[in-house]
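Please consider the model shown below.

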Amino acid sequence: MKFGKEFASQMVPEWQEAYMNYDFLKTLLKELQRFKHRTKPPATPGGLKRKLTLYRAFSGLTQRQHNQISPSSSPDIESQPIFVNSVSRNGSHSYETTFLMSSDEGGEYELVYFRRLDDEFNKVDKFYRAKVQEVMKEADVLNKQMDALIAFRIKVENPPGINFDRSVEMTRLASDIAASAAALSAATPSGARSASRKAVHLEAIEESTHGQADDDDDNDDDEKERKTPIQEAKPQKPKIKGIKPAPLEVLKRVKMNNTLETPRSTIKGVLKFPNHADLSFSRENLRKVEEQLKRAFVEFYQKLRLLKSYSFLNTLAFSKIMKKYDKITSRSASKSYMRMVDNSYLGSSDEVTKLMERVEATFIKHFSNANRTKGMNILRPKAKRERHRITFSTGFFAGCLASLFLALIMVIRARKFMDKAHDQERTKYMATMFPLYSLFGFVVLHMVMYAINIFYWRKYRVNYAFIFGFKPGTELGYRELLLLGFGLGALALASVHSNLDMELDPKTKDYEAFTELLPLLLVVSVLIILFLPFNILYRSSRFFLLTCLFHSICAPLYKVTLPDFFLADQLTSQVQAFRSLEFYLCYYGWGDFKHRETNNCQDSGVYKTFYFIVAVLPYVARLLQCLRRLFEEKDPIQGWNGLKYFLTIAAVCLRTAYSLNKGIGWRIIAWIISAIAAIFCTYWDFVYDWGLLNRHSKNRWLRDKLLVPHKKIYFGAMGLNVLLRFAWLQTVLNFKFPLHKETLITIVASLEIIRRGIWNFFRLENEHLNNVGKYRAFKSVPLPFNYDEDDDKDD
């Protein structure tokens, strides 16, 4: 793989604008290379491929003669093509390269190249410096949180009723450490002894009250040791101050944050109750605090890893591009420029590396019971491996699904099920069994569309796992989703075949009640698997889905996050699936399945009432989410978004009333309200959800940044969205099609699911680009403790 592609693949997606623009600089070098080829063709004959270096004298294997280079042999500064110096403008530190050979032929190309190179380096160095300052501030906050945690742990594990002489214990521990150090000092080299002393000092800071005083003491000791000759090591008096436990007084100015979002906390927030609670020293609270800080440290460590990768990748990119420049121009500028890069903050700063070591030591000691392997596995989760059995199983179930579908068509034609002689049986089947099995078709189609979304999100580097907040390594790929979808579809079609065979075969036709129970058994099986507590069949993803579903149902009582309202939007496209579930309860609850009749069930007033309620439940949940966000964020956009869902609820109710009553008045009102709601929703999709229809953008009528390189894809998606959004017209205008009513309903519902799948891609693309614009690559993790001085700052 070429470096340019590898460089792009290793970028943090949300920081891609802050990386060096390698492709642009490479383009400038190609222009310079083309100019040199035009003005100075190669003098060497085309058939001569050997380099002249193959004929030079052999320099030996050890090259010992090159170890000592006299100062006079270093290249003269006048022969250097560039001169790099540091400048300060308006209080900001930057670097500027002066090209010393601009009078040479093609020098203007090289001037442009170095000007752009400086712009890229200053951008990278400024971004890295800002991010390092940001993580150092976060480290200070985590230090205070750890002080409170250690004091909290002491209070919980050593309650006042138990006599515990802490001074005696700490004196004994310090004496043991001093004795061990004295025994090892004689056999330890001075360099290793100095490093060991620094390591012990770092370890001691973790348990100290303030690290600054100890730093000053040890720095003074280091100065004394450098000034005096090395003497025989003597046992020193233990310094208890460096390892004394954190003082319990810190708990007097600390309160616990109520970070858990529950209906109770929501009601307290509405009633203006304080969000901070007094400390309650119990093991349950200690466990909660440790879990919260554990998540905070893991997230903080991931940020440090990405920062270290950012520094390494950009340094490597500058080295690569300068080597290309040297190769094209036959100059030796890379050494001078890379010397500046290495001496800059980007190349010389080691704060991130040191901070990573401290985080690792703290996490292993406090959160993994001093088990380094366990701690590092949590801090550095292994990348998810693509398993061949997933690919094989997906292909296997896809083949089964296609084979069963073709077999179903052949069975229907062979049994002459569509002939007029079977009109009565066909009508019964379409009114009863078809709605039952169409539920699985809706679910499978939605899963396939979502799998296609994931495929293209990965292709265009949309960080969907971060946007949805999946735990690293647990997100499902498109192969896993296709496996689940095709497996469910194959089971549903197998059930259809069994049902048809039992119904049409004279030997099994007597078991009518049992044949009707097959779809119910399949639904129960799916629900059991969904709620299964065992760690099989992607338990993490199943529980994540159930959590978001519960939050959507209890919309106003939980803080609205993107996964919650994204799932609620998906549910608005599954109205017909919810009606199919209602039909399950009606068909099997009333006992109609024993006679394959629906008159008793569908004609009841309860069924018709819930026919309305079930259709609007997803939209009501989405409306309540908008109202919750309007109340919290005070953003009027959420009010307009809520109005959109209110109009949609009115349109769905009126269309449902028209389908049940068939009056001209219902038809006109349903048509008008549905048209207004559809136009409003379509405009909202394009402008707010997709971020398109911007007249002043550089991509006219689209937006400035596009992940898909072909603009016609966006215009095609907008046209298709309008066409599918108005598919409801069939239910109001009653177009005549030679199809059964249930078939038309299923087709319209499937078109809405396809429209939702298209909407998903562009909605998440817009969210990703918003994250990129704000360099937002991490989720904020709530911390368990709140200091009194933090409240004073907020006030």
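Predicted model: local features only at pLDDT ≥ 70, side-chain atom pairs only at ≥ 80, totals over all residues.

What covers the buried residues of α26? The cover includes α25 (664-689) and α28 (741-773). Residues are numbered from 1 along each chain as its sequence is written, and side-chain values use heavy atoms, with hydrogens and water left out.

Helix α26 comprises residues 711-725; helices (H or I, at least four residues) and strands (E, at least two) are DSSP runs, numbered from the N terminus. From first to last C-alpha, the 15 residues of α26 reach 21 Å, close to the 21 Å expected at 1.5 Å a residue, where the expected span is 1.5 Å times one less than the number of residues. Its buried residues are Y714, A717, M718, N721, L724 and R725; buried means under 20% relative accessible area, exposed over 50%, and partly exposed in between (1.4 Å probe, protein chains only). Seen down the axis of α26, these residues fall within an arc of 140 degrees, so they line one face of the helix; the arc is that of the directions from the helix axis to the C-beta atoms. On the other side of α26, K712 and L723 are exposed.

Y22, L25, L28, L29, L32 and F35 are the buried residues of α2. Viewed down the axis of α2, they fall within an arc of 150 degrees, so they line one face of the helix. These residues pack against α1 (3-9), α3 (107-157) and α8 (283-329), whereas D23 and R38, on the other side of α2, are exposed.

The strands β1 (residues 82-89) and β2 (residues 92-99) run antiparallel and are joined by eight bridges; two strands pair if DSSP finds at least two bridges between them. V87 stands opposite S94 in β2. Two residues lie between the strands of this hairpin, in which N90 takes a positive phi near 55 degrees.

Finally, the chain as a whole. The secondary structure comes to 29 helices and five strands, and 41% of the 795 residues count as buried. Of the contacts (heavy atoms within 4.5 Å) with a separation of 6 or more, 75% are between residues 24 or more positions apart.
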